[in-house]
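Me: I am new to this structure, and I would like to understand what stands behind the words used to describe it. Could you take my questions one at a time?

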Amino acid sequence: MSAKKTLVLFWDTLRSPPATISLGVLAFGGFVTGIIFWGGFNTALEVTNTEKFCISCHEMSDNVYQELQETVHWENRTGVRATCPDCHVPHEWTNKIARKMQASKEVWGKVFGTINTREKFLARREELARHEWARLEANNSLECRNCHDYDSMDWDAMSDEAVFYMQPAAELNTGCIDCHKGIAHHLPEPSGDSPVIAQLEGKAARSLSSGEDYYAYKPVTLFTGADRALPAGNLSLGARVKVLETSGDTVKLSLDAWRKNKGYGRVLYDQFGMNTRVAVLEKDAAGDAALVEAGAAETDDNTGLDWSPVKVTLWADAEGFVADAGLLWDVASESYAASCSGCHAQPDPDHFSTNAWPALFSGMVGFTNMDASEQELVLTYLQNHSSDHSSTH
Amino acid sequence: MPMRSERMPAASGKAEWLSFLVLTLIILPALAVLFVGGYGFVVWMSQIINGPPVVDF
């Protein structure tokens, strides 16, 4: 019989009332196979939701599973322990099925050996960790809270230090992962690339045009000449420069700033009397009148310091600038809100003055996970949106 | 429906059993898995676009 004939016969048989099988047998057969299917489906779902299944890949058993065994989620006084799926697979049905489908990507990774060596795993660990953090931040640490509950915490049984941090978090209903990253596996090694800078990388100006203003989005090294042989200093994040000439990937730029007429005048500030740093120059460059042109000094009555306006002309790599400062402030304000609201309602940037922000910021930043570049960007954002720059305060 | 009875006068018992077993043991389970898998896939894609699911406590 040809395949087509078989199909036609099959279809015709399905469309006709049964002639030889009784209704009872059909109903019973359908019922029983339905039960078997449903049971099999659930069993498959459960088998793929066990730790044994997760660590059947050496990628998991040699890396993250070993790290888990050093932590309290593996062994503790109560004898309750968390297995991989407890934290990493959503318990709610829809999201669980979506996660199971997502695992097709893991099968792909297994087949093509995406992280099949320790080196490859370490290189991607930050990316993998960020996926999990984003997931737990979005669902307010749901998988942690399947076991842990603020309402069930016995404050008297906690150390004073634990209560000091935990009670305000409970009042704000802060998600566990906001503070407890790296609690069950090692934290990723800092890759050197700040994630905040990486976020801005895609928005960097592709080519710079003469006469336009640009803003440094990462630390930019300045040079004394177009050959870029002798370093002259560094631009701070958010520093505004005017591009004078471009040739290849080298750009000649000028910077209008102020300096305090004290010491070598190496640190340049955005405006008169405002401690918003825009650049730090090498000693030799700072004293070179051909590079740094200073105007008449003015005295700041608050501090008694003399400030001079300076026009600095230097060279730099054309990479590292954005055309719109708003791009920087968007990223910075997001980071400010995310990092600071974990413990308290963050004040509006214009709640404090430009010169008050550095001390306030450095007093608090130790409680956050901001890296050095992120700190610099956020502080610059706060100073540029302080009460000195706002009409509402 | 006279058309059908003309084309296929009487189904044999063998063809009926075979069709029944193929349908209940192979086709319908495969469709069910495809359907659930497809649903999971659509949810996954929506999570890529809208970000991971948000839960408020």
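Reply: Residues are numbered from 1 along each chain as its sequence is written, and chains are lettered from A and ligands numbered from 1 in the order in which they are written.

Me: How do you know what confidence the predictor has in chain A and in chain B?

Reply: The value to read is pLDDT, the predictor's confidence in each residue, from 0 to 100. Chain A has a mean pLDDT of 90, with 98% of its residues at 70 or more, and chain B has a mean of 84, with 81% of its residues reaching 70 or more. In residues 1–6 of chain B, however, pLDDT stays under 50. Where pLDDT is low, the predicted coordinates should not be read in detail. For the complex, the predictor gives an ipTM of 0.81 and a pTM of 0.60.

Me: What makes up the secondary structure of chain A, and what does chain B have?

Reply: Helices (H or I, at least four residues) and strands (E, at least two) are DSSP runs, numbered from the N terminus. On that basis chain A has 14 helices and 11 strands, whereas chain B has 2 helices and 0 strands.

Me: Why are β2(A) and β3(A) said to be joined?

Reply: Two strands pair if DSSP finds at least two bridges between them. Strand β2 (residues 220–223) of chain A and strand β3 (residues 231–235) of chain A run antiparallel and are joined by 4 bridges, so they meet the rule of at least two.

Me: What makes a set of residues a nonpolar core, and which residues have the most contacts inside the largest one?

Reply: A nonpolar core is a set of buried Ala, Val, Leu, Ile, Met, Phe, Trp, Tyr and Cys residues joined through C-beta atoms within 7 Å. The largest such core has 51 residues, and those with the most contacts inside it are Leu255(A), Ala257(A), Leu268(A), Ala279(A) and Leu328(A). Its largest share, 6 residues, comes from strand β10 (residues 305–317) of chain A. Beyond its neighbours within four places in sequence, Ala257(A) is in contact with residues including Leu268(A), Ala279(A) and Val310(A); contact here means that the C-beta atoms of two residues, placed from the backbone, lie within 7 Å.

Me: Why is Thr24(B) called partly exposed?

Reply: A residue is buried if 20 or more other C-beta atoms lie within 10 Å of its own, exposed if 12 or fewer, and partly exposed in between, with C-beta atoms placed from the backbone. Thr24(B) has 18 other C-beta atoms within 10 Å, and is therefore partly exposed.

Technical notes: Predicted model: local features only at pLDDT ≥ 70, side-chain atom pairs only at ≥ 80, totals over all residues.
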